[in-house]
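Open the model in your viewer and keep the selection tool handy.

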Amino acid sequence: MSILPFNSDSKVPRLDFELMTGCDHDCGHCYNVWNADPDDPQGGYEEGQLRLPEFLDMMEKAVTQSGADHITITGGEPLLKKGALDIVEKACELVSTTQLITNGSHIDDEAVRRFADAGLNAVQLTLLSAEPARHNLYKGAQCFDDTVRAAVDLRDGDVPVHICFVAMRQNWEQFPEVMELAYLLGARAISYNRMSPTGGAVHQISKLLPEVEHVEANLKTANRLGKKWGMRVATAMPIPPCLIRIERYDWVQFGFCSTGTQSPNITIDPMGNVRSCNLSSHLLGNIVEQDWPEIMADVKEYQSEFKKSVPDICRGCRYEITCQGGCKESAFATFGELTHPEPFRQMAMDSKWPEAAE
């Protein structure tokens, strides 16, 4: 595998590496594109994975040629991949900051020790409820105890823990208790994601998608408890400012779609295929077979068209450039069009839509 020197014209700040397509949990809200049904807009995404030596070479090539200085390791469940700890260590060598997203069920004493020695900056664990039975129900696995144990072991091993909360119609009211539990477990950062359907989750929208008032209630909680406890709260999924006045929540760090910004969240799958983000199924090249400058030409072309693909209802809005219509990849996954109002926006327009569509 050739490794060209870094070209500043092709620089990206961060890369997300998906180690596995498989997972031993069965979350209804799972956004992974390979879970889409064959007839869905995202259907037919190819599965497979590189062997460990090939994956390590691929990762080094991607980082070297892109100039990335942050890596997020994710999946599927990344720790199911043989040699996952070697990949984490390699990532920490290649860039200045590295984060691991895992379900926590495969973190043992060796993993904690190696994460600490490698200087892993954070491990993100998901908590969907502070009640074990409800968390397990939403995760499709008996995993609450694993998550709590992993958080405690990581904390005691001096590996920072972040908590991810996915707000759904089923669990949004559990957010205050989840924040409290996260604080007691030693987490000082929470990623708040309102559920945004892609992959197989597009078939459970009426069951899972939260309403605007649910998200507003959670943001009030995040603002109040975040300030009180000094916990950083950031939104990873865009929240359209036309639906919720985000300026009211001064403690919360709001993020919008990275694909339309100068800091794209480029994702590389287990076979080296490159996508604009982990919610997208659109392939932009393969870093095993191509060099990064060639791939970035396609990335920039896709980004240019992506920025123009704004729903008609959003044109002329004061937030059009920053918000871009919310999560357009979710719009594509659900409706087959980037320019269709995304599900969260669509439901705000027509509360009867999800049930009628399904």
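Helices here are DSSP runs of H or I with at least four residues, numbered from the N terminus. With that in mind, select Q324, which sits in the loop between α10 (320–323) and α11 (328–335). The model is a predicted one, and the backbone at Q324 is worth a look: phi is near 60°, a positive value in a residue other than glycine. Is Q324 buried or exposed? Buried means under 20% relative accessible area, and Q324, at 3% relative accessibility, therefore counts as buried.

Next, select D158, in the loop between α5 (144–156) and β5 (161–167). D158 is not a glycine either, yet its phi is positive, about 65°.

Now move to the loop between β2 and α2, where you will find G76. Zoom in on the bond that joins G75 and G76: this peptide bond is cis, with omega about 10°.

For the last stop, select helix α2, residues 84–94, and colour its buried residues: A84, L85, I87, V88, A91 and C92. Why do they share one side of α2? They cover an arc of only 160° around the axis, so they lie on the same side of the helix. Finally, show what these buried residues pack against: α1 (52–66), β2 (70–74), β3 (97–101) and α3 (109–118).

Terms used
Residues are numbered from 1 along each chain as its sequence is written. This is a predicted model: local features need pLDDT of at least 70, side-chain atom pairs count only at pLDDT 80 or more; totals for chains, interfaces and linings use all residues. Side-chain values use heavy atoms; hydrogens and water are left out. Buried means under 20% relative accessible area, exposed over 50%, partly exposed in between (1.4 Å probe, protein chains only). Helices (H or I, at least four residues) and strands (E, at least two) are DSSP runs, numbered from the N terminus. The arc is that of the directions from the helix axis to the C-beta atoms. Contact means heavy atoms within 4.5 Å.
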